[in-house]
Every structure is written in structure tokens, then in C-alpha cells.
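This report covers aromatic contacts and nonpolar packing in a predicted model. Please keep the structure open while reading.

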Amino acid sequence: MNFRFITKGCGPVVEVLSPYYYEWKTCVSLVSNDYLNFTQHPKVKAAAIEGIKKYGAGAGASPLIGGHHEYHVQLEDSLSHFFGRPTGSCLVYTTGYTANSSTLLALMKSDDCAIVDMAVHASVYEGLMGTNTKRFPHNSLVHLERALADAQAKYLTRLVIIDGVYSQDGDFAKMDEIHALTKQYGAYLMVDDAHGIGVIGERGRGCIELFDLLDEVDIISGTLSKAFAHIGGFIVAKPEMVNYLRFQSRQQVFSSTSTPAAVGLLKAIDLIDEEPEWRKKLADNVAYYKQGLLDMKLDIGITASPIIPIKIGDAHKTEKVARLLFNAGVYANCIVYPGVSRKDARIRTSLMATHTREHLDKALNAFDYVNRKLKIAKDA
Ligand SMILES: Cc1ncc(COP(=O)(O)O)c(C=O)c1O
């Protein structure tokens, strides 16, 4: 396995080391979820350093037994208010993965039923191991309604779970219609907006803001590892539910929580309001890059976000594409089964606010070169 690693942190250009091939290369990076590139923002870095100076290097214990610090409280307050909810509406986890898995494990019991879009993240499926689960084809309202109708009389609690932005195709949930159906059948709605929060919406509150559902969604789940540029996850819900999860969620009881470097997150959250220009730059980059790919007739599917797949289909061909891109100084991942279905292999690219036109032109030129060599365009 050719397991590459980056030597100097996240950025629009990275140095990639590939021990298997004894290679070292400077590449335009199309692999990061650090959409606003806040991992390198001087104010975020300074705040993280201040956090470590003030509180030390680690949290020392799991939240319930002494690892819940002042900065965690500030983080939870800040995120509650970020979503326009009262103090006490947020619970922070160590990862976005556990925000989903640990929350769902604690909430969903044997007389409940989760109704999930098939394309939700693996962490959701892990959290549903103790309950009944119905999966509906991606964004299919007909199938969702059928599942809701079928589950209504059989289960105590029905929870519909969707993503805001889907992580492989970059498309949005049909959230307004899904929300309406959920209410019609007396179910609850959970939205994992890991890729939307900080990036999508006029104020960067994510897809939920875009669909004007900030006050409506029962459980918002998010990560602190993408637009917020650190590590961690959270859920935002009614304070009663948050309080229940604080004591019942296994990760809160049995696993240590984020380190004081998380103080950097407080700054990153503020910057979403203080420096909206990063979102604008990202949106401009997305428009420019997408147009360049479409001009080459590459198949980018139905993306509406900074996640832009270039669909190839065959897994071996996709690996060749990634290899040629790398040779041309562009680092992009190939996504094959089981990340996506067997015939839907693709190069998954994601953009950052700090990509310049030169970086994007380099990437587009590399795709043009690969297209001429391997014929990856739709009508080729
Ligand atoms: C949709 C979605 N939810 C949750 C997660 C997990 O987030 P984290 O990486 O913070 O654990 C991811 C991670 O890639 C994701 O794409």
C-alpha cells in the first residue's frame, strides 16, 4: 500500500512523502477538509498556543470524572450561541465520529427506529447497532415516506438521520422536504452537517441555515475537524437531551476529551463571523474550478459544495488517474469500493479558500493532461 504523508501541515500546496516509491513531491493539495485553511490562520494558532500555556497539554480525564475544563464549557457555550440556541444546548465530543456514534448509541433503544439516508457517514451506522434501522435510497422522498409510514405505529421513537452535505458527492440533502415529511409522521430529525458548517449559508451555519431550519432540526451534529480546523465533534439539541447525553453517552463517561489546544477553536468559531471573506473566496474558487472541469466535459456529478468528485467508474483506471495527477504535482485521492459503490470510483477533490488561481490552473491543466492520456471525459 502506498501510504503517503504530508510533511508540513495543511495548505493549498503540500509536501508529500511517499515512502513506498521513495518519492517526495511538492503538490497542489486537493485532499483537505480544512476548507477555510484556518489550521494555518495566525489568530487560530495563537489562540491554541495560549490555550496550552494556560491549561497545559492535556485534559487529564474523561469529561464526567474531572476532564471537563473551563475551555470545554466556553466551547459548548460558543457553539450553542453560534446556532442561535440557549446556553446548555451543546455537548462537545473528542471527534465528529463519536458525536454521531456515541450519541446514537445512548439515544436509540430496541423499541426505537432510525430511518437513514443510505449515504450517511459510517459513524452513524456504528451508533445504530443497538436499534432498528431502515435505510432509504439517497435523497429519495418516496422511499423515506414509505419507511416513515411503515415505522409510525411500530416504534416508540422514529429518528430520521441525514447529512447536510454528502461527503462523497458533495450534494445537499433535500432538507426542507425531508423535514416536512419527518414532522408529518411525528418523527425527529438529526442532521450531520460536518461538511456544511462554517462553509455553507450566508452566515456559515451550514445547510441547515441555507434551508432556514436552524430552529427546527432536533439534533444538529457537527465536527470540529473541517472548517473549524482542529479535532472534535459536537451535537446541538434541546438542553434536556444534552444533559441526558452528558451522563449516558459512553464517550463522555469512558474517554478523555479534547486538549487545551481546543482554545484555538474558540477563535475559529468567532472568525466565521469576523472574516466572512474566506467563505466568499472559497465559493469563488469552487465556481472557477468547477467551470474548468465542466469545460473539459468531466463528470462531476451533482455537487453543490467544495467537495468535487471527478467520476471515472472503473477502480483501476481511477488509480491510474490519481497516479498521473500526482506525477503532474497534484495530490488527489481516489475513492473506490467500499467508500462508494463498485462501479462509481472517482477522484475526490476538495477546495480551500487559500487556493490561488495559479493553484487551480495547475490542477485543471493536470486533469486536461490526464484526460488526453486516459480519456476520462463523459463522451470519450
Ligand atoms: C459526514 C461526516 N460525518 C462525520 C465525520 C467524522 O468527523 P471526524 O473526522 O471529526 O471524526 C466525517 C468525517 O470525515 C464526515 O464526513
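## A tilted tyrosine pair

Tyr-71 is buried, with a relative accessible area of 1%. That value falls below the 20% limit for a buried residue. Tyr-55 is partly exposed, at 24% relative accessible area.

The model has 5 aromatic pairs. In one of them, the ring centres of Tyr-55 and Tyr-71 lie 5.1 Å apart. Their planes meet at 50°, so the pair is tilted. Tyr-55 belongs to helix α1 (residues 42-55), and Tyr-71 to helix α2 (residues 70-82). The pair therefore ties together parts that are 16 residues apart in sequence.

## A phenylalanine pair and its cluster

Phe-83 and Phe-234 make another tilted pair. Their ring centres are 5.9 Å apart, with planes at 40°. Phe-83 sits in the loop between α2 and β4 (90-93). Phe-234 sits in strand β10 (residues 233-236). This contact ties together parts 151 residues apart in sequence.

How accessible are these two residues? Phe-83 counts as buried, at 1% relative accessibility. Phe-234 is buried too, at 0%. Both residues belong to one aromatic cluster, together with Phe-82 and Phe-228.

## Charges over rings

Which charged end sits over the ring of Phe-82? It is that of Arg-205, 3.8 Å from the ring centre.

## The largest nonpolar core

The largest nonpolar core holds 86 residues. Ile-162, Phe-228, Phe-234, Tyr-289 and Phe-367 have the most contacts inside it. Helix α10 (residues 263-274) gives this core its largest share, 7 residues.

## A separate core

Another core lies apart from the largest one. This other core has 20 residues, including Leu-107, Ala-114, Val-124 and Ala-237.

How values were computed. Residues numbered from 1 in each chain as written. Predicted model: local features only at pLDDT ≥ 70, side-chain atom pairs only at ≥ 80, totals over all residues. Heavy atoms only, no water. Core = buried A, V, L, I, M, F, W, Y, C linked by side-chain atoms within 4.5 Å. Buried < 20%, exposed > 50% of the residue type's maximum accessible area, 1.4 Å probe, protein only. Helix = DSSP H or I, 4+ residues; strand = E, 2+ residues; numbered from the N terminus. Phe/Tyr/Trp six-rings, centres within 6.5 Å; stacked < 30°, edge-to-face > 60°. Lys NZ or Arg CZ within 6 Å of the ring centre and 35° of its normal.
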